[in-house]
Amino acid sequence: MRAFWKIKPQIEPLEKWESNCWIQVTSPSEEDADYLINELQMPDYFLSDIADNDERARYDYDEGWLMIILRIPQLKKNNSRSPYTTVPLGIV
């Protein structure tokens, strides 16, 4: 899912990309990945790094793009001693 946001002075949704807007991509489809890599020229390995459940928290800078990977808590679906796990969240 792809959404575009602009801050002017509050956060407002946009219909399409425009300069200086935020792009939110949740569970990217092939079309979303193609858009990010081919239209916006984002390095392709950024997506695969973010999709890796075992990726550690870190940052990377390449071709003018900054990627930050955080580990955020997620509630587990099965019963275990710890009800939470962590999953990667990528900010590019």
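Author: Contact means heavy atoms within 4.5 Å; axes are lines fitted to C-alpha atoms, for helices over the stretch in contact, and angles run from 0 to 180 degrees between N-to-C directions. Helices (H or I, at least four residues) and strands (E, at least two) are DSSP runs, numbered from the N terminus. This is a predicted model, in which local features need pLDDT of at least 70 and side-chain atom pairs count only at pLDDT 80 or more, while totals for chains, interfaces and linings use all residues. Residues are numbered from 1 along each chain as its sequence is written, and side-chain values use heavy atoms, with hydrogens and water left out.

Reader: What is the order of the strands in the open sheet?

Author: The sheet has 3 strands with antiparallel pairing, where two strands pair if DSSP finds at least two bridges between them. Its order is β4-β5-β6.

Reader: At about what angle to β5 does helix α2 run?

Author: Helix α2, formed by residues 44-51, lies across β4, β5 and β6. Relative to β5, the helix runs at an angle of about 15°.

Reader: Which residue in the turn between β4 and β5 has a positive phi?

Author: β4 and β5 pair in the antiparallel sense over 5 bridges, with Y59 having I68 in β5 as its bridge partner. They form a hairpin with 2 residues between them, and the turn residue with a positive phi, of about 50°, is E63.

Reader: How far apart are the closest N and O atoms of D32 and R2?

Author: A salt bridge is a side-chain nitrogen of Lys or Arg within 4 Å of a carboxyl oxygen of Asp or Glu, and by this rule the count comes to 6. D32 in helix α1 (residues 30-39) and R2 in strand β1 (residues 2-7) are 30 residues apart in sequence, so the pair ties these parts together. D32 is buried at a relative accessible area of 6%, whereas R2 is partly exposed at 26%. In their salt bridge, the closest N and O atoms are apart by 3.0 Å.

Reader: Is K6 buried or exposed?

Author: K6 meets E18 in a salt bridge of 3.6 Å, N to O, and the pair links distant parts of the chain, with E18 in the loop between β2 (11-14) and β3 (22-25) and K6 in strand β1, 12 residues apart. E18 is partly exposed, with a relative accessible area of 32%. At 15% relative accessibility, K6 counts as buried.

Reader: Which residues do salt bridges that share partners join into one network?

Author: The side chains of D60 and R58 meet in a salt bridge of 3.9 Å, N to O, and R58 is buried, with a relative accessible area of 18%. Through shared partners, the network joins D49, E55, R58 and D60.

Conventions:
Buried means under 20% relative accessible area, exposed over 50%, partly exposed in between (1.4 Å probe, protein chains only).
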